[in-house]
Amino acid sequence: MSWKPASSVVPGSRLWGTLAFRLTAWFALAGLFLVFCATASLYLVLLTELERSTDLFLTDKLHVLRTLLRERPNDWDALREEVELESAARRYEHFYIRLLDERNTPLLTTPGMAEQLDLAHFASRTQSRPERAIPMWGRHGQAFRVTSAAAPVGSPPTQTDTIQIAIDVSHGEELLAHYRLWFWCVLLGTFAIFPLAGYQIARRGIRPVEEVAATARRISSNNLRERILPEGYPFELASLAGTFNDMLDRLEESFNRISRFSADIAHDLRTPVNNIRGEAEVALARARTIDEYRDTLESCLEEAVRLSELIGNLLFLARAESPLAHLNRERVDVAELLGGVREYYEGSAADGGISLSTTAGAEPVIAELDRTLVQRAVGNLVSNAVAHTPPGGSVVLAAKAKGATICIEVSDTGVGIPPEALPRVFDRFFRVDASRSQASGGTGLGLAIVQGIMLLHGGNAEIASRPGQGTRVTLRMPVSGSG
Amino acid sequence: MRILVIEDQAKTAKFLKKGLGEAGLVVDVAGDGLKGLHLAQELEFDLVILDVMLPSLDGWQVLTRLRQAGRQAPVLFLTARDAVHERVRGFELGADDYLVKPFAFSELLARVRSLLRRTAPPRPQECLKIADLEIDLLRQRATRAGQRLELTTKEFLLLSLLARHTGEVLSRTLIAEAVWDMNFDSDTNVVDVNVRRLRSKADDPFPLKLIRTVRGAGYVLEAGQ
């Protein structure tokens, strides 16, 4: 059988690399194998059934002759009729019988038997296997099944004769040959049709995948809104399309965020640059006193400082997101760190009439952190809290360890954040109240930086707030960098 | 004290020369790496201020060759990039300090002074006296016109920091770092609040005002203009 090399016949691995080709090849192989098995088993059944019916016929004949010899040992007419006439009357499946006595002298023979068969060969072949049908070729190339058996003569038997029977089964052989031809034709047809049908089926099955791919190719930053319609696809591909669409949703969201971010940067850079430019232009428009020049220069300097801080913060955020970001971890007593931050902001809090305090747990909280960065994160939170808490309120810093995680909480009794603004407070340049924050000098980057620092530490920042009651920000991070 | 500035940006070089000159230092300027290297090898400098991005030879190469030639003058790097690995590389090559653009000039001046002091013998100080202000560093006590000032620990630290650098403008960042160990430069108006509180105790009750705000730059403590 030569269909097997289907895979090795392939010119290159390129073709094997296509899904359609693989599906076709497997489909064709499986189909050929099944058809082969089916036809081969049918053929075998036919073959054994033909042999069995022939053998039954031989056994039957033997039985008849034995009965005749035993019951009527001297009725030669009956025997002759049975041996010579009955066979001659048949058109197909001629059979030949020979009766031999104890000394192997032929007593009765069907006419023409010696022409058809090599009798000596017959005797020698059947001698070793009495009463078994065995195949044998005739003198003219026809197929025979032959058998020989001993038949006791007389009742009670006084002597033993030998019966030899041969039946021409060439008709059955023709039938089988016919079947074999059909068998090859069917296999050949299968070999031609299965790959073609398989290829068509595979193409049809793959087409939706190609459509999904084509849509994916079409999508660029200019048409991120485009989606794959999930209808009309089989279940598996519909879920693929769904997954793909979800990915696009996320991409579009972050892309929008980045565009918004760029626009915000441009805006936030523009304001101080515009101030510097305008003030310098106005100052130079005519002669001024030294004090006026100084005032202008000082104002320009202030704007430049604002710009530098903005740039510094932006660079910091960019670096925090880089996979190469580097942390300078050291053992830090978190309560002590909070105490330091509290001392720094104490003056501002006192000015605003706010009580600023730290509460420490019973056990010291020690962690491996980048001291400067965590200081900065907590500082940003305290700064926000102090700025948004009215006089008489309080800001509390707390640290605790929960297993391998440490928790830093900054809570205030301030004005709070409206619920609709909460999800966006960690976004860059997001300001709850744009006009007021701008006036107080905030860049809108403070909380984004807090989150960046937490991400660097493998932790996260969470915010909870109730308008009019206060805000609580919780920083969580692992105790050590290796964990 | 003689300083070499190797900087290709003409504007930057100009204001550095002017500012450092006015602070009482002698300044030479080289416009590219090769010229800078020649100058540094020809003449004796107490400090080299080196830009990283330079034509002909970059700052790293200048520093490497300078050290190979056996010149041990302290080197202060200026750069617009501040990735940590670049900082580390600078220190590995033998730089003494590092400043990222944009920087406050007062910050640069403070660092330059500190690098120059490093080469000069340090003088132990126990008492500081500026006009009628007296600070006893050992006993942590400050008086003005003989009158004891009631200061918190941090306020005392702030006052003595300003007094030790009398006449120098100290930036808010530097103050936050030195007094509160806050090594980040955001929200520096906290420093303003603390200076204002110090003033209310150390300056406001007295006719002679010592602490002066330099707009956009920082604070300076000096006896008079």
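How many bridges join strand β8 (residues 141-144) of chain B to β9(B), and do these strands run parallel or antiparallel? Two bridges join them, and the strands run antiparallel.

## Basis of the model

This is a predicted model, in which local features need pLDDT of at least 70 and side-chain atom pairs count only at pLDDT 80 or more, while totals for chains, interfaces and linings use all residues. Residues are numbered from 1 along each chain as its sequence is written, and chains are lettered from A and ligands numbered from 1 in the order in which they are written.

The pLDDT is the predictor's confidence in each residue, from 0 to 100. Chain A has an average pLDDT of 83, with 94% of the residues scoring at least 70. Within chain A, the lowest confidence falls in helix α1 (residues 6-9), with a mean of 46, and the highest in strand β12 (residues 470-478), at 93. Residues 1-10 of chain A have a pLDDT below 50, and this stretch has nine contacts in the model beyond near neighbours in sequence. Two residues are in contact if their C-beta atoms, placed from the backbone, lie within 7 Å.

Chain B contains eight helices and 11 strands; helices (H or I, at least four residues) and strands (E, at least two) are DSSP runs, numbered from the N terminus. Strands pair if DSSP finds at least two bridges between them.

Strand β1 (residues 2-6) of chain B pairs in the parallel sense with strand β2 (residues 26-30) of chain B over five bridges, and B:Arg2 has B:Val26 as its bridge partner in β2(B). The β-α-β crossover from β1(B) through helix α1 (residues 10-22) of chain B to β2(B) is right-handed, that is, clockwise from the first strand over the helix to the second with the strands pointing away from the viewer. β1(B) also runs parallel to strand β3 (residues 47-51) of chain B, joined by four bridges; there, B:Leu47 in β3(B) is the bridge partner of B:Ile3.

## Antiparallel sheet of chain B

An open sheet of four strands, with antiparallel pairing, has the order β6-β7-β8-β9 in chain B. Because β6 (127-130) and β9 (147-148) of chain B each have a single partner strand, they stand at the edges, and one side of each lacks a neighbour in the sheet. In β9(B), B:Arg148 is the bridge partner of B:Thr143.

## Contact between the chains

The contact draws 25 residues from chain A and 20 residues from chain B. On the side of chain B that touches chain A, helix α8 (residues 189-202) of chain B gives the most, with five residues.
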